[in-house]
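Reader: I have a new structure to look at, and I would like to learn how to read its features. Could you walk me through it?

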Amino acid sequence: MMQLKVDADPGEVGMDAGRLERIDTHFRRYVDDGRLAGWTIAVSRRGRVAHLSHYGLADLEERRPVADDTIWRIYSMSKPITSVAALMLYERGALELTDPVSRYIPAFADMRVYQGGSAASPGTVPATEPVRIWHLLTHTAGLTYGWHHAHAVDEIYRAKGFEFGSPRGLDLAGACEVWAQVPLLFQPGTEWNYSVATDVLGRVVEVASGQSLDAFFAEHVFRPLGMNDTGFSVPEDDVERLAALYGPNPAGGLLRNRSMGDAATRAPAFLSGGGGLVSTAGDYHRFTQMLARGGELDGARLLGPRTVAYMTRNHLPGGADLEQFGRPIFSESPYRGVGFGLGFSVVIDAAANKALTHEGEFAWGGLASTAFWIDPVAEITALFFTQLIPSSTYPVRTQLRTLVNQALLD
């Protein structure tokens, strides 16, 4: 297990210890009043851990406390890992960002785009250009998620068994075949819509590398970084370390979600690079430190520094932000002043975003309210782990960002 521990006095890295304590004071209330079961928070500056805290329970029913080795479902925090894998192949010349996806998944040739009508009888027109690798990385491919419940194409995904998960027994290659038969939401490259694009990207990684996604991750990402507790399921011997998954109970407190939660205890047929991984705070901290250091950690270099810089700039056409260019995931979009790179959100105007941060901060989170961000200007990385779905339930991410940044002294 990759042990995470405080290795810097806050003052040594330009942070105020008393102000950092405000983080724990604030988030303890979430547990004490029943909104969250428990959490882990880690804050690093200049590569050193200045604040690490756990509070509450990983499993309410078993009264098991959150611990250093708690395993969390990271859901969409899998996406940056898959994006890094794709860019590793890009650096090796195994793929081009402009390659049509159909070069790797032939079913993506001759895509159709939704023009109108119902889910049962959609009208379509031909795509004016192919879905390309960069469209997958930026969520501009025209793909979607069944759980959006915002469009007729979302309904088609649900009808085919794709809402939170995939049909039983269907593997990644099979899922891509199904998605390729569904109309795109819009012409590739013309809008942003959060989607299964990163899952399709995971299949591209498989074809381009000649390895299954789990094998590629293990050999080229997890083993070099020492991420020994990260994978697509929890080994039987470690199930007692897995945090339970909850949702808010309308009557107060939390309801355990066993149907989704127990999936992490079984090896999946469908290797979801978009949302299938479990990890620990120690493991994901290693991943963020690699990115913060320009692609290298402890002698293991996954990416060149120019590639990391390129991934973490805004790639939306015309420098647009997600509010201008995107279809918001939630009704109150936090995306003004935030663009999107190759696998990460990127702050392009902190004042417009009304967030206490810097331009250039890149980040993402997961369905169960986990989150991370990396701020190259302040040299900060921050991690938040809990297990509450959906992630829009409480503003924990914006609150944590404020609480971390108000503790900076230089």
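Author: We will go through a strand and its partners, then a helix residue, then some salt bridges. Please keep in mind that this is a predicted model.

Reader: How many bridges join strand β14 to β15, and do they run parallel or antiparallel?

Author: To read strand pairing, look at the bridges and at the direction of the strands. Here β14, residues 362–365, is joined to β15 by four bridges, and the two run antiparallel. As an example, Phe362 has Ile374 in β15 as its bridge partner.

Reader: And what is the bridge partner of Ile374 in β16?

Author: That partner is Thr381. Strand β16, residues 380–385, pairs with β15 over five bridges, again in the antiparallel sense.

Reader: How many residues lie between the strands in the hairpin of β14 and β15?

Author: There are five, and Ser369 in this hairpin takes a positive phi near 75 degrees. The hairpin of β15 and β16 has four residues between its strands. In that turn Glu379 has a positive phi, of about 60 degrees.

Reader: Now the helix residue. Where is the place of Arg401, and which residues does Arg401 touch?

Author: Arg401 sits in helix α13, which covers residues 396–405. Leaving aside residues up to four places away in sequence, Arg401 touches Ala355, Leu356, Thr357, Glu361 and Trp373.

Reader: Is Arg401 buried or exposed?

Author: Arg401 counts as buried, because its relative accessibility is 12%.

Reader: Let's turn to salt bridges. How many does a search of the whole structure find?

Author: The search finds 20 salt bridges. To read one, ask which side chains meet, how far apart the N and O atoms are, and where the two residues sit. Take Arg241 and Asp69: their closest N and O atoms are 3.5 Å apart. Arg241 lies in the loop between α7 and β7 and Asp69 in the loop between β3 and β4, so the pair ties together parts that are 172 residues apart in sequence. Arg241 counts as buried at 12% relative accessibility, whereas Asp69 is partly exposed at 26%.

Reader: What does Asp298 meet in a salt bridge?

Author: The side chain of Asp298 meets that of Arg286, at 2.7 Å from N to O. Asp298 is in the loop between β10 and β11 and Arg286 in helix α9, twelve residues apart. Asp298 is exposed, with a relative accessible area of 58%, and Arg286 counts as buried at 16%.

Reader: Which residue forms a salt bridge with Asp99?

Author: Arg103 does, with the closest N and O atoms 2.8 Å apart. Asp99 counts as buried at 5% relative accessibility, while Arg103 counts as exposed at 55%.

Reader: Which residues are linked in a network of salt bridges?

Author: Asp59, Glu61, Glu62, Arg64 and Arg256 are linked in this way.

Definitions and conventions. Residues are numbered from 1 along each chain as its sequence is written. This is a predicted model: local features need pLDDT of at least 70, side-chain atom pairs count only at pLDDT 80 or more; totals for chains, interfaces and linings use all residues. Side-chain values use heavy atoms; hydrogens and water are left out. Buried means under 20% relative accessible area, exposed over 50%, partly exposed in between (1.4 Å probe, protein chains only). Contact means heavy atoms within 4.5 Å. Two strands pair if DSSP finds at least two bridges between them. A salt bridge is a side-chain nitrogen of Lys or Arg within 4 Å of a carboxyl oxygen of Asp or Glu.
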